[in-house]
Structures are given as C-alpha cells and as structure tokens.
Amino acid sequence: MNNVAPQITVVVPTYNERENLPKLVDRLAALKIPNLAALVVDDNSPDGTGEVADKLGIDGPIPVGVLHRTAKDGLGRAYVAGMTRALAENADIVIQMDADLSHPSEVIPAMIEILTTTDAAVVLGSRYVEGGAVAGDWPWHRKALSAWANFYVNAILRLHVKDATAGFKAWHAKTLRAIDVESVQSNGYAFQVEMNYRVVQRGMKIAETPIRFEERTDGVSKMSLAVQLESALVPWKLKFGKKSL
C-alpha cells in the first residue's frame, strides 16, 4: 500500500496583494499538511507583490514557487498558467484560492479528505450549501448578484451545484488533465463556470463543502464591468458549443 502523502500545490494568483500574501502563506503553513507548497502567479504587480513572493520563496515557512507574468490579462489566464506549472511539477492535488484572505484556509484539510476518499473529481468550497455563508458585511445588492449569477448559470448549463461561481477548489491533477485545463479561455467568474462545465460534460463528479466567504480587508477588488459581461455571455457560448472555448 502506498502511504506517501500526495504532493499538494496551492495556486494563488496575485495582483497588488503584498499585504495579504505573507498572511496567506502563514495560514497555509499553520495547517501542517505534509507535502504542501504554494505557487504564486504574479501579474507584474506595481506594489511589489512579486518581490514579496520571491522573498517567501527563500525564507517562507512552506515551499513557495513564483511564476512571474509580464501582462495582467485576467484571473483565468493566471490560473491556467499556474495549474499548468503545477502539473508539470508533478502535483497530485491542485488547490486554487484567492490571495485576499476571503477563502478560509482551514477548510483545505476537509477538501482534501473529500477529494481523496470519495469519487469527487473536484471539491468546491461552497457558500451556498448548508453551513456555508457569504460575508456578513456584503451589501444586499452584491448578495443578490451572486445568488442570481448561480441561478443563471445553473439554469443554462444544468451543473447541479449550489455555488457555480466558487473560486476556492481542490482538484485531482488527473481531473485537470482530463478537462484539458491549458485550453480554457475564459476569465473572471466565467473561468470558474467553464471549468465546472468541462467536469460535468465528461461525466465526472463535483462535490461541495461549506465555507464562510470573507470580504477582503486589504487591497481592492478586481471585479470589472468587462468581467461581469464575460460571465454573462460564457454560459451561452458553452451551451451552444463555440469552438473557441
């Protein structure tokens, strides 16, 4: 029986997160998970996040790799680059999470447990299953937009998940290879939706575990009108099989 702990890589895209990144790495280290490393994908942050990441790579509490990108071309592109690197470096499990501390790192052990003991191809940290919650300080219109986005996506694509736009996930490496992550083109929330859609289309299972999503305390949100528009259009493009996706 193989008792070697899986190699786990946490892919963390960053843009102007110099205050939050060291805190996140400390939280990951506090989990004491064997063979856990972080891979920071920095999009040439003007605030020096890339340099902070490089320093963590030298003297951080867990192994920290850094992928420096010269262009800021969206969250989806950053995740694809990071996941592709993680697969090339033989990760067994890839976790995607934001650098802004909105995703609770203490849920990672439960996500890994579900992933490794069930037939789940991916585990979502879900705000909308029983026990989950969105940030208490979210304004009503943001809560409404998030709830509507999930209803909208599921109405079109029939994903049968409660949190279709979740950005905190644990993936089997074999799942990412099966859905051909390198070919995913979407950005923003649409990236999350397209990844889920590819899993469902291949007959694989998505599991969800509850999280409490927290609002960022440092830095600014990266949400833009262009991201929102893409998120509205991509489910239709996926449903009708645009070859570019």
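Predicted model: local features only at pLDDT ≥ 70, side-chain atom pairs only at ≥ 80, totals over all residues.
**A closer look at T9**
- You will find T9 in strand β1, which covers residues 8-14.
- Is T9 buried or exposed? T9 counts as buried because its relative accessibility is 9%, and the cut-off for buried is under 20%.

**The whole chain**
- The chain holds 8 helices and 7 strands.
- Of its 245 residues, 51% count as buried.
- The chain has an accessible surface of about 11,600 Å², and carbon and sulfur atoms make up 55% of that surface.
- Take the contacts in the chain with a separation of 6 or more: 79% of them are between residues 24 or more positions apart.

**How helices α1 and α2 pack**
- Helix α1 spans residues 20-30 and helix α2 spans residues 49-59.
- Their axes lie 9 Å apart, and the two helices pack at an angle of about 30°.
- That angle makes α1 roughly parallel to α2, because angles under 35 degrees count as roughly parallel.
- The crossing of α1 past α2 is right-handed.
- Which residues make the contact? On α1 they are L21, P22 and V25, while α2 brings T49, V52, A53 and L56.
- Sorted by kind, the residues of this contact are 6 nonpolar and 1 polar, with no charged ones.

Conventions. Residues numbered from 1 in each chain as written. Heavy atoms only, no water. Axes fitted to C-alpha atoms, helices over the stretch in contact; angles between N-to-C directions. Helix = DSSP H or I, 4+ residues; strand = E, 2+ residues; numbered from the N terminus. Parallel < 35°, antiparallel > 145°, perpendicular 65-115°, else oblique. Left-handed = near helix turned anticlockwise from the far one by under 90°. Contact = heavy atoms within 4.5 Å. Nonpolar A, V, L, I, M, F, W, Y, C, P; charged D, E, K, R; others polar. Buried < 20%, exposed > 50% of the residue type's maximum accessible area, 1.4 Å probe, protein only. Areas by Shrake-Rupley, 256 points an atom, 1.4 Å probe, with all protein chains shown as cover.
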